[in-house]
Amino acid sequence: MNETNTGLGNDCCRPIASGPALLELIRSVRAPLAVYKDKHGSLSVYPATKDVTVTNDYSSVATLPPLYPEWLGDRGFCAVHGVRFAYIAGAMARGIASIDMVVAMGKAGMMGFLGSAGLSVEQIQQSICAIQASLNNGEAWGCNLIHTPDAPDLEMSIVQLFLQLGVSRISASAFMSMTPALAAYAYKGIYRDSDGAIRRANYVFAKISRPETAAAFMKPAPQAMLKQLLERGLLTEAEVQLAQNLPVSEDITVEADSGGHTDGQILTALFPTILDLKHQLSEQYQYQRDIRIGAAGGLGTPSAIAAAFALGAAYVLTGSVNQACIEAGTSQAVKQLLTQVRTGDVAMAPCADMFEAGVKVQVLKRRTLYAPRSTKLYEIYKRYDSLEDIPAAELEQLEKAIFRQSLTSVWQTTKRFFETRDPAQLAKAEANPKVKMGLIFRWYLGSSSRWPIDGDEDRLVDYQIWCGPAQAAFNDWVRGSFLEPAENRAVVQVARNLLEGAAIVTRAQQLRTFGIAVPQSAFAVVPQKL
């Protein structure tokens, strides 16, 4: 077909049906595209420029507007939280999601949560003050609040600190039910504006993986709990009245197969269930404010991010892929190790905070024996009622291979820790030898998550590194690119590439839906310095 009968203007606007030129159009997501069909029924794409004149030789099929990474997700989420991108760097405990990471995300128009779980109240306070000193122009950020069933007073004291320092967003993780601390935080400061609309001062991002847990967050807090908070002076009468018309959380993060605490769920199965639950509860309680459903877990490539948004995610939250970034508060040895993770390099193992209940976390098993060693400790804990019941040979092996010191010495260290953190645990241990055994075993589990952060080379084999399959997928994606070395993995650069790639994948899929034969290579996005 020659130029005179195309009716599509000059050479720069010739229709494109395939080849490198089509790939270039797909990757230029910020430019509008037009899809046309010729008189023979063949489809083609061209840049939707203003100087194109169309004749009867072509009929319009579709026009695709520009697609910016900023437009992925729920624009309402961005408006409520004052962010440019619907993207969050999740809270990795013990400060792995560091001050630097939170500040970098905030300055880039994204959101980061400080990994405050496992830090002392004093460390959390210092970190919050440091973040507030750097993010003082209304940037969005928050802190993690992890469930501590054995220490509810600690949970409440951290919430009180958040309220005192004006932390307006928290990421609530590992909660299996509603707690007074969460309800107190969620409803403190709510009021009606001059138009009668309910406004809230604080936002709970609830990380969930089960419908029953999601429901607890998407409903108002129980009446008995609100009454208790009123009696304790933690909420006012006006706040309690308004709380009955407001869910605890308006940002629900559906967590699939992730690092750390996880149920190993499949996002494509779980997310629609939670989305349907949101619609049911919103109608049941006649909410006037929207509940936003985000996605997390297994998000390590542009295609995974695009898939999450295609499911209807208001926002995405990444975790494992940020742990190897230069801002992550862990050792260089861990970051290098994480760049080598491949599929199958993760395993489930007992966790320190809920060891006695048999709760597990997903960890790295490459070059570390944490998973089998912590599992052995849990099996012994379940089998025996006290340290004295453990056969002498087995006890000696534990002291030699795992603890590397006598259990008497470990107990003295454990006692000093709980004397300041939660003295009630020591009283329980004195009364029940099995409780004492559990606390001693938890010393290893707790220490094993500190050793990798400190870079303790002598304990390399015992590193507990929280990691999900997203890390392996990310490593496969960036292999051979500038993002392969750990020293180039800046958290914002990673985020921008994931979002840019997701926009390209989305554009390619859009063209497919209009009948364009989009090659598979269009979905293989190469990381670029952005």
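User: How many bridges join E11 to E13, and do they run parallel or antiparallel?
Analyst: In this predicted model, 5 bridges join E11 to E13, and the two strands run parallel. As one example of who faces whom, Val-254 stands opposite Ala-295 in E13.

User: And how does E11 pair with E10?
Analyst: E10 and E11 pair in the parallel sense too, over 4 bridges. There, Phe-205 has Asp-251 in E11 as its bridge partner.

User: Is E11 enclosed or open, then?
Analyst: Largely enclosed by the rest of the structure, because 5 of the 5 residues of E11 are buried.

User: Which residues sit on which side of E11?
Analyst: Asp-251, Thr-253 and Glu-255 are on one side, with Ile-252 and Val-254 on the other. They are all buried, so both faces of the strand are covered.

User: OK, salt bridges. How many does the count come to?
Analyst: The count comes to 21 salt bridges. One of them joins the side chains of Glu-250 and Arg-200, at 3.1 Å from N to O.

User: Where in the chain are Glu-250 and Arg-200?
Analyst: They link distant parts of the chain, 50 residues apart. Glu-250 is in the loop between helix H9 (237-243) and strand E11 (251-255), while Arg-200 is in the loop between strand E9 (198-199) and strand E10 (203-208).

User: Are those two buried or exposed?
Analyst: Glu-250 counts as buried because its relative accessibility is 2%, and Arg-200 also counts as buried, at 8%. The cut-off for buried is under 20%.

User: Which residues are in a network with them?
Analyst: Arg-200 and Glu-250 are linked with Asp-251, Arg-289 and Arg-292 in a network of salt bridges. Asp-251 is also the residue in E11 that is the bridge partner of Phe-205.

User: What does Asp-290 form a salt bridge with?
Analyst: Lys-278, with the closest N and O atoms 3.1 Å apart. Asp-290 lies in the loop between helix H10 (267-285) and strand E13 (292-296), and Lys-278 lies in helix H10, 12 residues apart. Asp-290 counts as partly exposed at 39% relative accessibility, whereas Lys-278 counts as buried at 11%.

User: And what about Lys-434, which residue does it bridge to?
Analyst: Lys-434 forms a salt bridge with Asp-385, and there the closest N and O atoms are 3.9 Å apart.

User: Switching topic: which residues touch the most others in the largest nonpolar core?
Analyst: Phe-162, Tyr-187, Phe-217, Phe-403 and Phe-441 do, out of the 186 residues in that core. Helix H19 (residues 491-513) gives the largest share, 12 residues. In soluble globular proteins, nonpolar side chains tend to be buried together.

User: What is Phe-441 in contact with?
Analyst: Leaving aside neighbours within four places in sequence, Phe-441 is in contact with Phe-355, Leu-377, Ile-380, Tyr-381, Leu-387, Ile-390, Leu-398 and Phe-403.

User: Back to H10. At what angle do H7 and H10 cross?
Analyst: The axes of helix H7 (residues 211-218) and H10 cross at roughly 35° and come within 10 Å. The crossing is right-handed. On the H7 side, Pro-211, Ala-214, Ala-215 and Met-218 meet Thr-273, Ile-274, Leu-277, Lys-278 and Leu-281 in H10. Lys-278 is the salt-bridge partner of Asp-290, too.

User: What do the buried residues of H11 pack against?
Analyst: H10, E13, strand E14 (316-318), helix H18 (470-478) and H19. The buried residues of helix H11 (residues 302-311) are Pro-302, Ala-304, Ile-305, Ala-306, Ala-308 and Phe-309. Just after H11, Gly-312 takes a positive phi of about 115°.

User: Last one: what is the order of the open sheet of 3 strands?
Analyst: The order is E2-E1-E3, with antiparallel pairing. Strand E2 (43-47) and strand E3 (58-64) are the edges, each pairing on one side only. On average, neighbouring strands of this sheet are turned by 30° against each other, direction ignored. Strand E1 (residues 33-38) pairs with E2 over 5 bridges, and the partner of Lys-37 in E2 is Leu-43.

Notes:
Residues numbered from 1 in each chain as written. Predicted model: local features only at pLDDT ≥ 70, side-chain atom pairs only at ≥ 80, totals over all residues. Heavy atoms only, no water. Salt bridge = Lys/Arg side-chain N within 4 Å of Asp/Glu carboxyl O. Buried < 20%, exposed > 50% of the residue type's maximum accessible area, 1.4 Å probe, protein only. Core = buried A, V, L, I, M, F, W, Y, C linked by side-chain atoms within 4.5 Å. Contact = heavy atoms within 4.5 Å. Pairing = 2+ DSSP bridges. Axes fitted to C-alpha atoms, helices over the stretch in contact; angles between N-to-C directions. Left-handed = near helix turned anticlockwise from the far one by under 90°.
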